[in-house]
Amino acid sequence: MQTIDELVADLVTRYSGDAEHPGDGGPGLIERLDTLGLRTRQPANGGRTPPGSRPPTSLEAVSWSERVKGEAVRLDAELRNSQHEQPWLRALRAIPPGAENADRVPEVRRTVARWHGTVLTVLGLRGPSVHFRHALCLTCGERTVYGRADDDRPRAWCINDACADEETGEPARYEGPRIYLLTENRVS
């Protein structure tokens with residue numbers, strides 16, 4: 001799992017990814033959304049892109065770029081407890097230390113990870129997540145479980161912010177054999 005600093009670096013500076021899903025070392029993800037030529041690039045290893053991963057339309061990419069930038073500016077101002085907003089790039093870079101100072105690291109990390117994952121999905125670098133509408137979260141009991149099967153590695157997670165796993169204190173995650181417990185917990 002990436003830290004807030006690593007997620008922000010992927011969004012702003014250079015997409016390096018993590019150990020499980022290494023990036024291509026190219027420009028930051030937000031720059032890719034903003035630049036048409038970077039959105040249409042084929043994978044660095046040659047080959048073909050996965051089915052359904054065509055480049056996003058200009059409006060879709062720019063819309064998500066502006067949304068992430070706007071949310072970053074508001075989050076930074078909130079973390080600093082200030083009414084004054086900074087430019088988006090400065091605000092985004094200020095989020096990791098701001099989260100530590102405000103003692104809100106887990107919550108802010110989830111927010112930045114959501115932006116990071118959304119941008120990867122919009123760019124076609126990762127497949128979309130799927131809502132498991134018939135499965136209840138084993139921790140909070142809500143129908144808020146989403147999942148993805150990347151490289152034959154199924155995993156699921158609860159998106160309910162009020163969900164708190166006993167071990168981590170964060171919303172529940174299901175990986176490996178634990179994911180199959182969700183199928184037994186199916187609600188009609």
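**Exercise 1. Which residues is T144 in contact with, leaving aside neighbours within four places in sequence?**

Solution. The model is predicted.
- Step 1: Locate T144. T144 sits in the loop between β1 (130-131) and β2 (145-150).
- Step 2: List the partners. They are W157, C158, I159 and N160.
- Step 3: Check accessibility. The relative accessible area of T144 is 18%. Buried means under 20%, so T144 is buried.
- Step 4: Look back along the chain. H134 is 10 residues away from T144, and their C-alpha atoms are 9.5 Å apart.

**Exercise 2. Determine how helix α1 (residues 4-12) and helix α5 (residues 88-101) are oriented, and describe their contact.**

Solution. 
- Step 1: Take the axes. Those of α1 and α5 come within 9 Å and cross at roughly 175 degrees.
- Step 2: Classify. Angles over 145 degrees count as roughly antiparallel, so α1 is roughly antiparallel to α5.
- Step 3: Name the residues. α1 contributes I4, D5, V8, L11 and V12; α5 contributes L89, L92, R93, I95, P96 and A99.
- Step 4: Sort the α1–α5 contact by class. It has nine nonpolar, no polar and two charged residues.

**Exercise 3. How many disulfides does the structure hold?**

Solution. 
- Step 1: The structure holds zero disulfides.
- Step 2: C137 is buried at 2%, whereas C140 is partly exposed at 25%.

Methods: Residues numbered from 1 in each chain as written. Predicted model: local features only at pLDDT ≥ 70, side-chain atom pairs only at ≥ 80, totals over all residues. Heavy atoms only, no water. Helix = DSSP H or I, 4+ residues; strand = E, 2+ residues; numbered from the N terminus. Buried < 20%, exposed > 50% of the residue type's maximum accessible area, 1.4 Å probe, protein only. Contact = heavy atoms within 4.5 Å. Axes fitted to C-alpha atoms, helices over the stretch in contact; angles between N-to-C directions. Parallel < 35°, antiparallel > 145°, perpendicular 65-115°, else oblique. Nonpolar A, V, L, I, M, F, W, Y, C, P; charged D, E, K, R; others polar. Disulfide = S-S within 2.5 Å.
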